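Please look over the sequence and the model below.

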Amino acid sequence: MKKTQFLVTALCATLLCACEKEADYSTPIDGDGNVYQTIQIGAQTWMLGTLRTTTYNDGTPIAEDRTWDKAGTTPVYCHYNNDPRNNTYLLYNWAAVKTGKLAPKGWHVATQNDWMNLTRTYGGWGQAGIALKAIAGWEPCPNDSLGVQVTNESGLGLLPTGCRENYLDSIGSHHGEFHDAGYRGFWWTSTPATGAGGYMMRLSYDSNELFGSSASADFGAAVLCIKD
């Protein structure tokens with residue numbers, strides 16, 4: 001009888017250990033079930049393709065905001081130009097990024113330090129854009145003297161996503177305006193900026209540089225993810 005109890009106990013312990021084995025998140029799958037390829041760059045594993053999920057990694061839907069009225073406070077996303085055919089990536093506001101639930105499980109929205117480490121592989125901020133941009137998809141630089149180059153040495157193939165923002169200029173107030181697709185790419189980091197909003201990264205058609213700056217909470221930008 002004791003022998004039988006021992007065997008049952010041992011079997012239960014084995015099954016429990018099997019259940020508690022760490023899940024395999026090597027293949028990123030977002031909340032919508034989209035599957036992404038990956039690429040190894042030095043010690044980092046990056047997700048190929050810009051995030052396009054409308055669902056958090058816990059199964060909760062993300063609100064779509066076509067007017068961008070709620071972007072200052074409520075976690076939201078939109079398609080560029082509010083056109084669902086632009087479905088290779090989505091734009092998110094800072095509130096959506098800071099939930100910590102945008103990226104597939106086992107992954108996270110790249111931090112400012114993640115990007116900094118990436119630039120070191122490709123010569124620093126001043127020339128990282130050469131290796132990060134996709135060969136095709138960018139408007140040509142109109143000024144050859146700027147020496148703009150594109151090699152996509154990294155394999156990330158970053159595209160000019162454009163952005164969405166509310167701003168005031170000499171012409172007037174611009175609410176929820178889309179701009180710069182084809183010319184510039186904007187990606188949130190998960191690093192908060194001083195005050196409201198967070199840090200983002202930007203590439204431009206007329207520069208080899210990767211720029212980093214803060215952005216307001218209602219700014220709409222794309223997202224790149226990296227493995228935990």
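What follows covers a sheet and then some salt bridges. The model is predicted.

The sheet is open and is formed by 3 strands, which lie in the order β3-β4-β5 with mixed pairing. Strands β3 (63-64) and β5 (91-92) stand at its edges, and each has a single partner strand, so one side of each is left without a neighbour in the sheet. Strand β4 covers residues 76-78 and runs parallel to β3, to which 2 bridges join it. One of the residues involved is E64, whose bridge partner in β4 is Y77.

In general, side chains of opposite charge can pair when their charged atoms come close. Both ends of this pair are partly exposed: the relative accessible area is 45% for R66, and E64 has a relative accessibility of 37%.

The structure holds 4 salt bridges, and two others can be described here. D83 forms a salt bridge with R85, and their closest N and O atoms are 3.0 Å apart. D83 has a relative accessible area of 19% and is therefore buried, as the cut-off is under 20%. R85, at 70% relative accessibility, counts as exposed, because that value is over 50%.

D180 counts as partly exposed, at 21% relative accessibility.

How values were computed. Residues numbered from 1 in each chain as written. Predicted model: local features only at pLDDT ≥ 70, side-chain atom pairs only at ≥ 80, totals over all residues. Heavy atoms only, no water. Pairing = 2+ DSSP bridges. Helix = DSSP H or I, 4+ residues; strand = E, 2+ residues; numbered from the N terminus. Salt bridge = Lys/Arg side-chain N within 4 Å of Asp/Glu carboxyl O. Buried < 20%, exposed > 50% of the residue type's maximum accessible area, 1.4 Å probe, protein only.
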